[in-house]
Amino acid sequence: MSAENTTQSDVATPGRTAARPGRKGILGRKVGSTQVFDAGGAVVPVTVIQAGPCRVLLVRTADRDGYAAVQLGFRDKPRRLASRALRGQVAKLDSKRARRLTQGGVALPAKADCEPQRFVRELRGEYPGVEVGQVLSVDLFEGVERVDVTGTTKGRGTAGVMKRHGFKGQRATHGVKKVHRHQGGTSMNTSPARVFKGKRMAGRYGNERSTMRNLKLVGIDRENNLLLVRGAVPGPNGSYVVVRQTNMIKRVVAAGAAPVSKKKAGAK
Amino acid sequence: MSQQILAKVEASSLKSDVPQFAIGDTVDVHTRILEGEKERVQIFNGVVIARAGSGSRETFTVRRIVAGEGVERKFPLHSPKIAKVEVKRSGVSRRAKLYYLRDRVGKAVRLREKRDEQAAAAPRKSRTPDA
């Protein structure tokens, strides 16, 4: 289904957009994980993501902004908690600067005219048919098979090399003294007489942006705005995530001959 | 809030008629098995020694002795592959996990049978007041 969409948009809009077909994206919250049974009765581990409804706050175009993107907002934030900047992001606020710009003949971008949003992210790329003020829901992912989910991993604080880099540590016996979870040596001898840059050591671990790619979309619950994604998603339960249709090349079993022939053509 | 959402998600995977059995029961578990195109039912007989988990993740463990070797199988309670769980014999059990059966051999593995239904009908009851 998604492959069909891609080809259609390729035909409809030639040029730069053809190389980057329109993607689908939404913001959400990781609810937790559980398991469900598929049609064959097999257990499928799923992560539940409460996605949308999302407001489109801004559409960036290559002409005006130098790049194409959409800015989405998820979950209302009470106005009393939102700064003036946040409020101005979603609605037209009168300001000296805005007045000066309009007098100068600059057209200000349209506003979504909604409540301030808690979680705002820009998704790069062309999103055909998406307009400011529009509300995106999980319906968007109808027919999408696989998604990428971006989140922030759980923060581990200062972590040792075994947890942070998967080092093996040292032996439990044979004279090892209180360094069982330490790394071994960090460098060589008098030459080079220093530790190379980038040497993996203990330090701050986790709490960084991470994307799980090509996760299977198991189910969509329109009523409760839920997406069911197979497998794990970065971050603790309750954390915000970005769900996008994956841009990884879809491996189709039936049409397996197609990529092979392409390879052969390239070799010749 | 999150738990309620998860419960909603799991609801679709739950069985409407959950098999009824208790810890200590001897049961026949009928599992659907796909062999190529054909589907057949395999029966695993044994004592229910544990139930674990909740919602769609609930499982039960059945233990039996095969050729002198203890065999335990864990089944997802709500799995569509579990066609039916038939209670063959109800055993008396005072705990939720019968892991102690693993340490037992031979006749000691047996559990006392529940007597309530039989006690109501059987002549045993009439004998007790006499004695």
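Arg99(A) is partly exposed, with a relative accessibility of 44% (buried means under 20% relative accessible area, exposed over 50%, and partly exposed in between, with a 1.4 Å probe and protein chains only). The model is predicted, so local features need pLDDT of at least 70 and side-chain atom pairs count only at pLDDT 80 or more, while totals for chains, interfaces and linings use all residues. Residues are numbered from 1 along each chain as its sequence is written, chains are lettered from A and ligands numbered from 1 in the order in which they are written, and side-chain values use heavy atoms, leaving out hydrogens and water.

**Exercise 1.** Determine how Asp94(A) and Arg99(A) interact.

Step 1. The two residues form a salt bridge, with 3.4 Å between the closest N and O atoms (a side-chain nitrogen of Lys or Arg within 4 Å of a carboxyl oxygen of Asp or Glu).
Step 2. Asp94(A) is exposed, at 56% relative accessibility.

**Exercise 2.** Identify which parts of chain B the salt bridge of Arg57(B) and Glu10(B) ties together.

Step 1. The side chains of Arg57(B) and Glu10(B) meet at 3.1 Å, N to O.
Step 2. Arg57(B) lies in the loop between β2 (38-52) and β3 (59-66) of chain B, and Glu10(B) in helix α1 (residues 2-11) of chain B, so the pair ties together parts 47 residues apart in sequence. Helices (H or I, at least four residues) and strands (E, at least two) are DSSP runs, numbered from the N terminus.
Step 3. Arg57(B) is partly exposed at 34%, whereas Glu10(B) is buried at 6%.

**Exercise 3.** Describe the contact of chain A with chain B.

Step 1. Chain A gives 15 residues to the contact and chain B gives 15 residues (contact means heavy atoms within 4.5 Å).
Step 2. About 1,300 Å² is buried between the chains, and carbon and sulfur atoms give 65% of this area (buried area is the accessible area, with a 1.4 Å probe, that two parts lose on being put together, summed over both).
Step 3. Thr34(A), Gln35(A) and Phe37(A) supply 39% of the area that chain A buries against chain B, more than any other three residues.
Step 4. β1 (25-37), β2 (43-51) and β11 (226-230) of chain A each give two or more residues to the side that touches chain B. The most comes from β1(A), with 8 residues.
Step 5. The count of salt bridges between chain A and chain B is 0.
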